[in-house]
Amino acid sequence: MPNPSVGAVIVHENEIIGEGYTSPYGGAHAEVHAIRSVHVNRSKLGKDFAKADTEKLLSQSTLYVTLEPCSHHGKTPPCADLIIKNGIKKVIIGTVDPFAKVAGAGIKKLKDAGIEVVVGVLEAACIASNIRFFTFYQKKRPYIILKWAETQDGFIAPKTRNAQAPVWITNTYSRQLVHKWRSEEQAILVGANTVIADNPSLTTRSWEGKNPTRIVISNGMTLDPNMAIYNDAAPTITIDSHDITEICDTLYTEGIQSVLIEGGAKTLQRFIDTNVWDEARIFKGTTAFKEGTRAPQLSKKFEILSTQNISNDIVTMYKNTTA
């Protein structure tokens, strides 16, 4: 992030002679790596390829790429220009880039240069591989994942607690999985009540990976600046509103493409009730509270993606089919 993850291969007479994928932000794109790799790979592809001129090879090859080649100057030059310069005559594109500075301009540039372009091959899979990127630019909000753990009797928190700390519903392995999920998303969001009750740090301390940006919905509440969420492990953004549209607008303005919503119940239910969510990941533990704060309830239509047993915990993944 913020760039999409793109893959590219170059094929000559049904044999892959080059491949590449997007570097971390600021580095070369997939098409650049794929074209460069043809130079490196020639000696490994047999004597006929070793003797062949790279330019001739590329002019007889087809480039396959999961996302439309860029056509503008950003951190790197336009990939469309590089494809044209190297004489590639046919390009197969998975899907059009939703980013306004590209959005068909890369395809047009290739066609204007006389290149045969085919668009929409395995399009659904290509969009799914960059669903956060597509959601951000098409819906003007982050890709939103709801996550919570509930007891066997349907509670998300006990009625009372003995300390300002989480009351665990799930086991160590489930909690480690959550930390892995945190490392995969750009931000994590909680409400002020969760911060006050649990004093969470919201980091990936049980998994090696980047800590997400922390988002706190304060709704006018004053929080102690010495709380763990304000340590230097990751940036923290405070939003003084519980209006879901305002929250999403702020996250979009901040350039946040994905967010993991970790509660509590009121915050999660607001996203559900306004139907602004894309996935839900719900753990069912083995404990029972008998009373306390009820777990949120999914509404609208959804699809169960998977169910997994994690040492007696059960985690079910849902997809919103109406957002």
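Arg 281 sits over the face of Trp 181, 4.7 Å from the ring centre; a charge counts as over a ring if NZ of Lys or CZ of Arg is within 6 Å of the ring centre and within 35 degrees of the ring normal. Keep in mind that this is a predicted model, where local features need pLDDT of at least 70 and side-chain atom pairs count only at pLDDT 80 or more, while totals for chains, interfaces and linings use all residues. Numbering starts from 1 along each chain as its sequence is written, and side-chain values use heavy atoms, with hydrogens and water left out.

Trp 181 also has a ring partner. Its ring and that of Phe 283 have centres 5.5 Å apart and planes at 35°, so the pair is tilted. For the rules here: rings of Phe, Tyr and Trp (its six-membered ring) pair if their centres lie within 6.5 Å, and planes under 30 degrees apart are stacked, over 60 edge-to-face and the rest tilted. Trp 181 belongs to helix 8 (residues 172-184) and Phe 283 to strand 12 (residues 279-284), so this pair ties together parts 102 residues apart in sequence. Helices (H or I, at least four residues) and strands (E, at least two) are DSSP runs, numbered from the N terminus. Both Trp 181 and Phe 283 are buried, where buried means under 20% relative accessible area, exposed over 50% and partly exposed in between (1.4 Å probe, protein chains only).

How many aromatic pairs are there by this rule? The count is seven. Take Phe 136 and Tyr 137: their ring centres are 5.0 Å apart and their planes at 90°, so they go edge-to-face. Phe 136 is buried at 6% relative accessible area, and Tyr 137 is buried too, at 18%. These two belong to a cluster in which ring pairs link Phe 99, Phe 133, Phe 134, Phe 136, Tyr 137 and Tyr 252. Elsewhere, Arg 294 lies over the face of Phe 155, at 4.1 Å from the ring centre.

On to the pockets. On a 1 Å grid over the protein atoms alone, a pocket is an open set of points where a 1.4 Å probe fits, with protein on both sides within 12 Å along at least five of seven lines; lining residues have an atom within 4 Å of a point. Grid points are joined across faces, edges and corners, and volume is the space filled by probe spheres set on the points. In the table, Ala, Val, Leu, Ile, Met, Phe, Trp, Tyr, Cys and Pro are nonpolar, Asp, Glu, Lys and Arg charged, and the others, Gly among them, polar.

| Pocket | Volume | Lining by class |
|---|---|---|
| Largest pocket | About 1,000 Å³ | 19 nonpolar, 16 polar, nine charged residues |
| Second largest pocket | About 570 Å³ | nine nonpolar, 11 polar, four charged residues |

Of the 44 residues lining the largest pocket, Thr 194, Asp 198, Glu 262, Gly 263 and Gly 264 lie nearest its centre. The second largest pocket has 24 lining residues, and those closest to its centre are Met 1, Pro 2, Asn 3, Glu 184 and Gln 186.

Lastly, two loop residues. Leu 122 has a positive phi, near 55°, in the loop between strand 5 (116-119) and helix 6 (123-129), and is exposed at 65% relative accessibility. Ser 311 has phi near 50°, sits between strand 14 (302-310) and strand 15 (313-320), and is partly exposed at 43%.
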